Amino acid sequence: MEAVQTPSRSLIHARGLVKRFGSFTAVDGIDFDVEPGEAFGFLGPNGAGKTSTMRMIGCVSPVSGGSLRVLGMDPAVDGARIRARLGVVPQADTLDLEISVEDNLFIYGRFFGLSRARARQRARELLEFVQLTDRARDDVEPLSGGMKRRLVIARGLVNEPDLLLLDEPTTGLDPQARHLVWDRLYRLKQRGVSQVLTTHYMDEAEQLCDRLVVMDKGRIVAAGSPRELIDRYSTREVLELRFPADARISLDGLPDGLAERVEVLPDRVLLYTADGEAAIAGVHQRGLVPVSSLIRRSTLEDVFLRLTGRSLVD
Amino acid sequence: MSLGGAAVVLERDLLNYRRTWRGSLIVSFISPVLFLAAMGLGLGSLISHGQHRLVEGVPYLDYLAPGLLAATAMQTAALESMYPILAKMMWDKIYDSILATPVQVREVFLGEIAWLVVRVAIVTVAFFAVMVLFSAVHSPLGLLAVPLTILTGLAFGAPFFAYTANQRNDTGFAALNRFVVIPLFLLAGTFFPIANLPLVFQVFAWVTPLAHGVALVRAATLASPIAPLAAAVHLTVLLGYSGVGIGLGLRGFERRLGE
Ligand SMILES: Nc1ncnc2c1ncn2[C@@H]1O[C@H](COP(=O)(O)OP(=O)(O)O)[C@@H](O)[C@H]1O
Ligand SMILES: [Mg+2]
């Protein structure tokens with residue numbers, strides 16, 4: 001068991017947190033704490049309840065049950081005061097298409113009570129930070145998906161938040177745009193900006209999170225650092241085998257001596273083992289001839305598969 | 001109760017307006033010029049010849065202009081309180097992003113009411129200036145028509161906000177335009193005295209704000225005497241629609257955006 005944190009020190013303190021929509025329970029009694037300076041993640045597939053959780057933390061969606069403290073305050077009582085110190089990057093971009101790129105940041109600063117001069121200055125600084133200075137006077141609509149996402153992140157920073165909430169920061173972006181976003185988030189973390197993010201990409205969770213919880217169907221099924229989770233729920237290496245589509249192979253007994261565990265997916269077979277080379281030798285020894293084989297490190301994807309029997313991305 | 005956020009919501013609408021104000025303002029001048037020229041002078045010449053004044057003792061243009069002024073406020077309020085509001089509510093999710101800041105739902109609502117008033121005021125002042133050019137304002141007291149027209153706009157805009165807050169798509173707007181805004185434009189005393197209408201239309205006209213706005217605005221610009229009791233009733237109706245509309249609109253916004 002982890003030591004119980006005092007609620008006042010944690011940025012977020014949740015116990016038995018519940019969100020219901022009518023009779024449907026989207027978040028089903030989750031416990032977690034987020035500490036100052038860390039990047040904390042919710043990893044889970046679509047529908048796991050990540051956004052519902054983030055909206056409760058962001059004080060825009062009332063808590064249905066359990067307790068939640070954000071920055072030491074109660075969202076039901078101090079919503080506006082908490083929001084004043086949060087930065088929010090919602091899952092959908094929600095940019096203002098009727099005003100310019102720079103004005104999106106300027107007016108957002110004004111919503112946080114910055115003076116006109118300060119809001120203008122902050123807007124320019126942030127455009128610089130997310131590399132959009134040359135688009136300052138343009139409309140928002142023609143920006144690429146990656147640029148829009150960076151603009152939303154800049155908008156979330158306008159009030160110099162104590163805590164940045166990012167709901168799927170890179171979903172739908174191409175790899176290059178994702179890396180640019182990751183780079184900016186990494187810099188923020190180095191400057192000490194605490195982050196809570198959700199993702200259904202295991203590589204994103206591994207890249208960005210100090211600590212994360214794996215969420216499925218409204219519940220937390222595991223918690224720890226990416227390394228800890230992999231060590232606890234998976235093996236050091238994974239041997240991926242592909243067999244001819246029409247091959248009828250008996251995999252019974254395959255784990256014996258070769259692997260700790262075998263997962264049969266529609267398109268491949270995964271052997272969880274400490275030693276991939278030894279495992280592949282064993283496979284050949286038993287007369288099995290895969291079309292291809294690959295030895296790789298375990299990832300959070302394997303952790304999720306182990307915990308839920310399903311893949312993260314369907 | 002903090003309302004600073006409302007001022008910034010208004011500021012956001014002004015930033016948006018800054019992009020389109022020139023074209024929008026030109027339309028606000030040209031449209032009354034066209035209407036007054038075509039209907040006031042053109043059509044009016046069929047109705048009243050020279051000294052032979054048929055419509056309540058004044059040239060038709062002078063009779064028509066205040067009616068059109070009040071009706072324009074209604075139309076402007078309708079335009080501002082339907083599609084743009086629903087877009088910010090559900091399509092572009094502008095209010096969602098605003099409500100992630102310390103700004104509260106009531107500040108969003110009051111900011112939009114403020115913008116509605118500003119928008120109607122701009123159109124009203126432009127129209128009034130055109131009326132002065134057409135010599136349709138008979139006394140300096142006619143300036144009272146400006147606030148009265150703005151109040152008429154609010155008496156429509158505020159209840160329309162409440163209506164919009166309850167819409168899940170835009171089909172309801174066509175209905176509101178077809179069954180309320182356009183019939184009132186035609187029947188609520190803009191073009192001819194309401195008393196000329198069949199009783200059912202008279203009732204329809206007098207239970208809604210436009211007829212009351214037209215009556216007050218017309219009395220102001222024509223400097224015609226109006227019974228204090230009648231004036232009080234007209235004003236009460238306009239204030240009542242505005243006040244109840246603001247209450248219902250606020251509730252609608254709270255329910256829709258409070259999640
Ligand atoms: N406003 C809502 N009304 C009803 N159901 C909702 C609402 N928001 C989310 N849900 C449901 O709650 C579940 C969790 O959704 P969400 O929190 O968005 O998950 P995630 O972000 O992990 O994909 C889903 O089944 C979703 O359909
Ligand atoms: Mg989500």
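Visitor: Okay, so two strands pair if DSSP finds at least two bridges between them. How many bridges join E3(A) to E8(A) here?

Guide: Four bridges join E3(A) to E8(A). Keep in mind that this is a predicted model.

Visitor: And do those two run parallel or antiparallel?

Guide: E3(A) and E8(A) run parallel. If you want a spot to look at, find Phe42(A), which stands opposite Val213(A) in E8(A).

Visitor: What about E8(A) and E9(A), parallel or antiparallel?

Guide: Antiparallel for that pair, with five bridges joining E8(A) to E9(A). Val213(A) turns up again there, standing opposite Ala223(A) in E9(A).

Visitor: How many residues sit between the strands in the hairpin of E8(A) and E9(A)?

Guide: The hairpin of E8(A) and E9(A) has two residues between the strands. In that hairpin, Lys217(A) takes a positive phi near 50 degrees.

Visitor: How many residues of E8(A) are buried?

Guide: Five of the six residues in strand E8 of chain A (residues 211-216) are buried, so the strand counts as mostly covered.

Visitor: Let's go to the other side of E3. Which way does E3(A) run next to E7(A), parallel or antiparallel?

Guide: Strand E3 (residues 39-43) and strand E7 (residues 194-199) of chain A run parallel, and five bridges join them. One pair to find is Ala39(A) with its bridge partner in E7(A), Gln195(A).

Visitor: So what's the strand order of the whole open sheet?

Guide: The order is E5-E6-E7-E3-E8-E9 in chain A, six strands with mixed pairing. At the edges are strand E5 (86-89) and strand E9 (219-224) of chain A, each pairing on one side only. On average, neighbouring strands of this sheet are turned by 15 degrees against each other, direction ignored.

Visitor: Where do Thr51(A) and Gln91(A) lie?

Guide: Thr51(A) lies in helix H1 (residues 50-57) of chain A, and Gln91(A) is in the loop between E5 and helix H3 (101-111) of chain A, so the pair ties together parts that are 40 residues apart in sequence.

Visitor: Is that Thr51(A) buried or partly exposed?

Guide: Thr51(A) counts as partly exposed, because its relative accessibility is 26% and buried means under 20%. Gln91(A) also counts as partly exposed, at 38%.

Visitor: Now ligand 1. Which residues are around it?

Guide: Thr51(A) is one of them, and the others include Phe21(A), Phe24(A), Pro45(A), Gly47(A), Gly49(A), Lys50(A) and Ser52(A).

Visitor: What gives the most to that shell around ligand 1?

Guide: H1(A) does, with three residues. Strand E2 (24-34) and H1 of chain A each supply at least two residues of the shell.

Visitor: What lies 2.7 Å from an oxygen atom of ligand 1?

Guide: That's a backbone N or O atom of Gly47(A). Look at Gly49(A) too: a polar backbone atom of this residue is 3.0 Å from an oxygen atom of ligand 1. With Ser52(A), a polar side-chain atom lies 2.6 Å from a ligand 1 oxygen.

Visitor: How much of ligand 1 does the protein cover?

Guide: The protein covers 60% of the 560 Å² of accessible area that ligand 1 has on its own.

Visitor: Zooming out, how many helices and strands does chain A have?

Guide: Chain A comes to eleven helices and 13 strands. Buried residues make up 54% of its 314 residues.

How values were computed:
Residues are numbered from 1 along each chain as its sequence is written. Chains are lettered from A and ligands numbered from 1 in the order in which they are written. This is a predicted model: local features need pLDDT of at least 70, side-chain atom pairs count only at pLDDT 80 or more; totals for chains, interfaces and linings use all residues. Side-chain values use heavy atoms; hydrogens and water are left out. Axes are lines fitted to C-alpha atoms, for helices over the stretch in contact, and angles run from 0 to 180 degrees between N-to-C directions. Buried means under 20% relative accessible area, exposed over 50%, partly exposed in between (1.4 Å probe, protein chains only). A residue is near a molecule or strand if one of its heavy atoms lies within 4 Å of it. A polar contact is a pair of N or O atoms within 3.5 Å; within protein, one must be able to donate a hydrogen and the other to accept it, and residues adjacent in sequence count only if both atoms are side-chain atoms. Accessible areas come from the Shrake-Rupley method with a 1.4 Å probe; for residues, only the protein chains shown count as cover.
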